[in-house]
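We begin with a single side chain and end with a whole chain.

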There are 2 protein chains.
Amino acid sequence: MSELIAVVGLGLIGGSLARRLASCHDVVGYDADPATRALARTAGLAVEDALPAAVHGASVVFVAVPLPALSDVVAQVALASAPGAVVTDVGSVKSPLYAAVREQGLSAPFVGGHPMAGTERSGFAASDPGLYDGAAWVLCLEPDTDLSAWLRLAAVLTGIGARVVPSTAAEHDAAVARISHVPHLLAAALAATVADAGPLAMTLAAGSFRAGTRVAATAPELPSSMVRANLGAVETALAETMQRLPARGADPGPLIVAGHRARIAWEERQVAPAEIALDGEELRGRLLDLGRRGGWLERVDPHTLSVAVPEPV
Amino acid sequence: MSELIAVVGLGLIGGSLARRLASCHDVVGYDADPATRALARTAGLAVEDALPAAVHGASVVFVAVPLPALSDVVAQVALASAPGAVVTDVGSVKSPLYAAVREQGLSAPFVGGHPMAGTERSGFAASDPGLYDGAAWVLCLEPDTDLSAWLRLAAVLTGIGARVVPSTAAEHDAAVARISHVPHLLAAALAATVADAGPLAMTLAAGSFRAGTRVAATAPELPSSMVRANLGAVETALAETMQRLPARGADPGPLIVAGHRARIAWEERQVAPAEIALDGEELRGRLLDLGRRGGWLERVDPHTLSVAVPEPV
């Protein structure tokens with residue numbers, strides 16, 4: 001585990017990752033912003049002043065830059081990285097990035113990734129090495145994904161306590177439209193409706209408003225770029241969600257009961273441990289099947305993967 | 001302040017209230033459920049085994065029972081209470097209760113109330129005497145409201161640290177449709193959509209799903225009865241909220257920016273102190289104006305009300 005790992009982009013996501021990885025690997029960071037580089041150095045990280053210097057010699061490179069810059073920076077990293085280095089990212093939408101990567105014909109093996117963690121804050125100052133403890137971290141398995149590169153990344157990420165979830169880019173994008181992008185739109189619509197309702201409503205707003213609009217506190221560039229990049233899946237998911245809302249005159253009771261059941265099922269979901277042999281047949285298919293069943297990798301050993309599989313609800 | 005105050009219904013809301021009031025008043029409680037009565041006695045509250053015995057001799061009676069039982073219990077309390085006692089409630093929808101109270105022709109002065117506090121838990125075991133610290137507590141001011149009864153209640157509630165917000169029943173119901181009832185419907189729709197999307201989505205669900213569906217963890221009877229009782233206002237508020245969501249092909253950016261501004265304006269709202277003379281003209285109108293500007297009573301003194309008024313955003 002004495003790999004050199006580079007993290008490009010040291011905001012909340014990259015900064016938290018670099019700090020956590022530094023406890024078990026050699027880590028070098030880079031950020032385009034000199035103030036962020038200075039902050040990261042003060043926190044004890046090794047930081048280079050230029051992207052090629054940071055990436056040079058690293059066997060794994062995490063690209064943690066904002067979504068609009070992502071495909072350009074991934075291409076720069078692939079050009080600058082050592083032969084055989086694995087390039088991955090942490091962006092919240094995967095299909096457009098894969099399209100760009102395939103168009104560019106990257107020389108380095110690329111695996112799209114997405115940690116399901118974050119807060120409504122941003123920047124290195126908000127970073128937290130514990131951010132990924134027990135967090136789901138999607139690693140995409142596409143037909144052209146280098147399986148050994150995928151497994152190297154999975155070993156690094158399970159090593160810092162993340163739950164590595166195998167998924168295709170398209171299935172990931174459809175899922176995050178529902179669990180993240182639509183929630184951002186609903187939170188924004190709720191906050192704007194209450195503000196327009198006037199000062200009395202703002203004063204009465206309490207717990208259900210606070211929770212329902214929490215993600216609207218996020219700097220708007222982030223959710224805007226996510227939703228724009230995933231617009232097709234988001235529109236489908238939004239239409240699905242809106243169709244559930246009661247029509248005028250309809251009883252709202254069944255929706256409220258269904259929502260309650262769903263939330264409690266989520267909170268109380270049980271998982272069972274299992275193993276997948278690394279030299280077994282159809283490893284790619286078995287991994288994708290694990291992800292579709294809601295499962296994840298807990299540990300990568302030389303011959304087996306320790307996995308967790310939720311019990312059906 | 002040596003009034004005897006009765007609290008009928010000792011769940012989360014009534015139990016928290018009785019426990020907090022007991023630190024500065026004589027308090028007697030009652031609950032229809034013997035197990036709840038036993039629990040409340042164990043917590044040190046004086047509890048009667050019958051409603052008339054609890055209400056007898058009290059100068060203020062809080063009715064804190066579930067919405068479907070509310071108007072019946074308010075009528076029972078009014079019959080059993082001492083002459084001049086003030087009856088109030090804590091229900092989350094006010095117009096239907098006022099309609100029932102007027103139809104019944106209550107003998108006791110009635111003031112509808114609604115504390116903007118609660119959690120997704122319920123029952124006396126979840127009660128917390130600190131629940132109302134700094135919480136908005138609507139007291140309705142209708143054309144037929146006894147102003148001295150209203151001020152007595154306002155004194156009791158500001159005395160336990162609540163922010164007393166004057167409002168008409170209709171304006172209250174329109175506001176809570178937006179800040180509470182629509183959020184419950186959106187949370188339910190979100191939770192149900194994600195559950196139906198399958199196990200992968202359930203595994204990826206993290207912070208924005210957790211916050212956006214938090215209130216769906218509430219026992220469904222409570223939000224169902226609130227939404228049903230306020231259905232007209234909720235349908236209007238829901239239509240307003242849905243109209244803000246981007247149409248197919250539209251840029252979601254402006255909504256996300258508007259929602260962010262609204263949430264931050266709510267978080268950062270500043271208030272200024274002011275006073276209202278109790279012997280001034282048009283006290284009723286000035287109180288309702290205060291509520292419409294988002295203001296509240298902080299303290300009731302013999303000749304003045306100390307109030308807080310939010311600065312316009």
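Thr241(A) counts as buried because its relative accessibility is 3%; buried means under 20% relative accessible area, exposed over 50% and partly exposed in between, with a 1.4 Å probe and protein chains only. This is a predicted model, in which local features need pLDDT of at least 70, side-chain atom pairs count only at pLDDT 80 or more, and totals for chains, interfaces and linings use all residues. Residues are numbered from 1 along each chain as its sequence is written, chains are lettered from A and ligands numbered from 1 in the order in which they are written, and side-chain values use heavy atoms, leaving out hydrogens and water.

Thr241(A) sits in helix 11 (residues 231-244) of chain A. Helices (H or I, at least four residues) and strands (E, at least two) are DSSP runs, numbered from the N terminus. What does Thr241(A) touch, not counting residues up to four places away in sequence? In chain A, Val182(A) and Leu186(A); in chain B, Ala189(B), Leu190(B) and Thr193(B). Contact means heavy atoms within 4.5 Å.

Now the aromatic rings. Over all chains, a search of the whole structure finds 8 aromatic pairs. One of them is Trp266(A) with Phe209(B), edge-to-face at 4.9 Å centre to centre and 75° between the planes. That pair crosses between chains, from helix 12 (residues 253-267) of chain A to helix 9 (residues 207-212) of chain B. Trp266(A) and Phe209(B) are both buried. Rings of Phe, Tyr and Trp (its six-membered ring) pair if their centres lie within 6.5 Å; planes under 30 degrees apart are stacked, over 60 edge-to-face, the rest tilted. Elsewhere, ring pairs join Phe62(A), Tyr132(A) and Trp137(A) in a cluster.

Turn to helix 4 (residues 70-80) of chain B. Its buried residues include Leu70(B), Val73(B), Val74(B) and Val77(B). Among the elements covering the buried residues of this helix are strand 1 (4-8), helix 3 (51-55) and helix 5 (95-104) of chain B.

Finally, chain A as a whole. Chain A has 13 helices and 12 strands. Of its 313 residues, 57% count as buried. The C-alpha atoms fill a box of roughly 65 × 50 × 35 Å along the principal axes.
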